[in-house]
Amino acid sequence: MRRQTKTYIFYEIGDSCRTEFLMKNGEFHLTEDAVVIGIEKGKNARDALKNLRRECPWIKKYRFDRLVAREVREAIYL
């Protein structure tokens, strides 16, 4: 029997992902962004993160403010 794997996208949100953008009217507005860390498969989110760390060793040294994992399916382009 094959193990069912799911695909997860990992992204960081929080203080390290804030910036200001210059608007058309010349003012700056604060935004909260998300930084995509990677996309990986696993039986659950923790397993996928373990696989991602194995594939991308730099992640082991990176300090996350708030790491989020979401299961993803087929992309819909708008």
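**Figure 1. Overall view of the predicted chain.** Of the 78 residues in the chain, 24% are buried, and the model shown here, as in every view that follows, is a predicted one. One helix and five strands make up the secondary structure of the chain, and these elements follow one another from the N terminus in the order β-β-β-β-α-β. The chain is more spread out than a compact globule, because its radius of gyration is 16 Å, well over the 12 Å that the globule rule gives for 78 residues.

Figure 2. The patch is positive and is formed by Lys43, Lys50, Arg53, Arg54 and Lys60. Of these residues, Lys60 is placed in the loop that lies between helix H1 (45-55) and strand E5 (67-72). Lys60 counts as exposed because its relative accessible area is 63%, and the cut-off for that class is over 50%.

**Figure 3. Close-up of the salt bridge between Arg73 and Glu71.** By the rule applied here, the count of salt bridges comes to one, and in the pair shown the side chains of Arg73 and Glu71 meet at 3.7 Å, taken from N to O. The two partners are described by their accessibility as follows: Arg73 is exposed, since its relative accessibility is 71%, whereas Glu71, with a relative accessible area of 36%, is partly exposed.

Figure 4. Phe21 is found in strand E2, which covers residues 18-22, and at a relative accessibility of 44% Phe21 counts as partly exposed, a class that lies between the cut-offs of 20% and 50%. Glu32 is included in the view for reference: Phe21 and Glu32 are 11 residues apart along the chain, and their C-alpha atoms are separated by 11 Å.

Definitions and conventions
Residues numbered from 1 in each chain as written. Predicted model: local features only at pLDDT ≥ 70, side-chain atom pairs only at ≥ 80, totals over all residues. Heavy atoms only, no water. Patch = residues over 30% accessible without salt bridge, like charges linked within 9 Å, V, L, I, M, F, W, Y side chains within 5 Å. Areas by Shrake-Rupley, 256 points an atom, 1.4 Å probe, with all protein chains shown as cover. Salt bridge = Lys/Arg side-chain N within 4 Å of Asp/Glu carboxyl O. Lys, Arg positive; Asp, Glu negative; His and termini not counted. Charge placed at Lys NZ, Arg CZ, Asp CG, Glu CD. Helix = DSSP H or I, 4+ residues; strand = E, 2+ residues; numbered from the N terminus. Buried < 20%, exposed > 50% of the residue type's maximum accessible area, 1.4 Å probe, protein only. Rg over C-alpha atoms; globule rule 2.2 N^0.38 Å.
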